Amino acid sequence: MITDNKAVVQAAWRAFASHETEQIAAFFTADAEWLAPAGNATAVALDAPSHMIGRQAITHFLAHEFSRLFVSDVVVDFHGFYADGDRVIVEETMSATLANGNTYRNDYCFVFELRDGLIHRVREYMDTARGHRDVFDGKDAVDGVIEAGASSIR
């Protein structure tokens, strides 16, 4: 078992890249949450929630849904892993070829909160406008963002 939180998150990224359900699931608490901005391009394109609750939902997304949009040449360039107690911050740039043939490149910041050596909560931050331009052929997809944001507020 890995006891250093920074090492846990680094190992989790390797598991995410494997798309292997059991490897991914091993890093999350049963009641884990993954929160991304409402109406982000990935959620809109895949008709997926921007707030996933539970190990099973998160694992299913990472193992099966992610590769429906990001189909090839997925590269994650890490800029830093920073740990303070049970929180690990990850800065990265992800690039990929999308299902529609577009090139995707976006900067991310993730805040991982761990509990007893497992990931309990992930807060994901990215340039949502840039994501929409890459995913939706240069369009900002403003209507989709407004609709998704409004529905999450209700």
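Start by selecting helix 5, residues 128–135, in this predicted model. Color Gly131, His132, Asp134 and Val135: these residues of the helix are buried. Now look down the axis of helix 5: the buried residues fall within an arc of 165°, so they line one face of the helix.

Stay here and check both ends. At the start of helix 5, show the side chain of Asp127; one of its oxygens comes to within 3.2 Å of the backbone nitrogen of Ala129. Just past the helix, click on Asp137, which has a positive phi of about 55°.

Next up, salt bridges. The whole structure has 7 of them. Pick Arg68 and Glu65, whose side chains meet in one at 2.2 Å, N to O. Both sit in helix 4 (residues 55–69), and since they are 3 residues apart, about one helical turn separates them. Residues three or four places apart in an α-helix point the same way, because there are 3.6 residues a turn.

Now jump to Glu113, which is buried, with a relative accessible area of 12%. Glu113 pairs with Arg121, with the closest N and O atoms 3.1 Å apart, and also with Arg123, where the closest N and O atoms are 3.3 Å apart. Arg121 is partly exposed at 23%, and Arg123 is partly exposed at 25%.

Together with Glu113, Arg121 and Arg123, they are linked in a network of salt bridges.

Notes:
Residues numbered from 1 in each chain as written. Predicted model: local features only at pLDDT ≥ 70, side-chain atom pairs only at ≥ 80, totals over all residues. Heavy atoms only, no water. Buried < 20%, exposed > 50% of the residue type's maximum accessible area, 1.4 Å probe, protein only. Helix = DSSP H or I, 4+ residues; strand = E, 2+ residues; numbered from the N terminus. Arc of directions from axis to C-beta. Polar contact = N/O pair within 3.5 Å; in protein donor to acceptor, adjacent residues only side chain to side chain. Salt bridge = Lys/Arg side-chain N within 4 Å of Asp/Glu carboxyl O.
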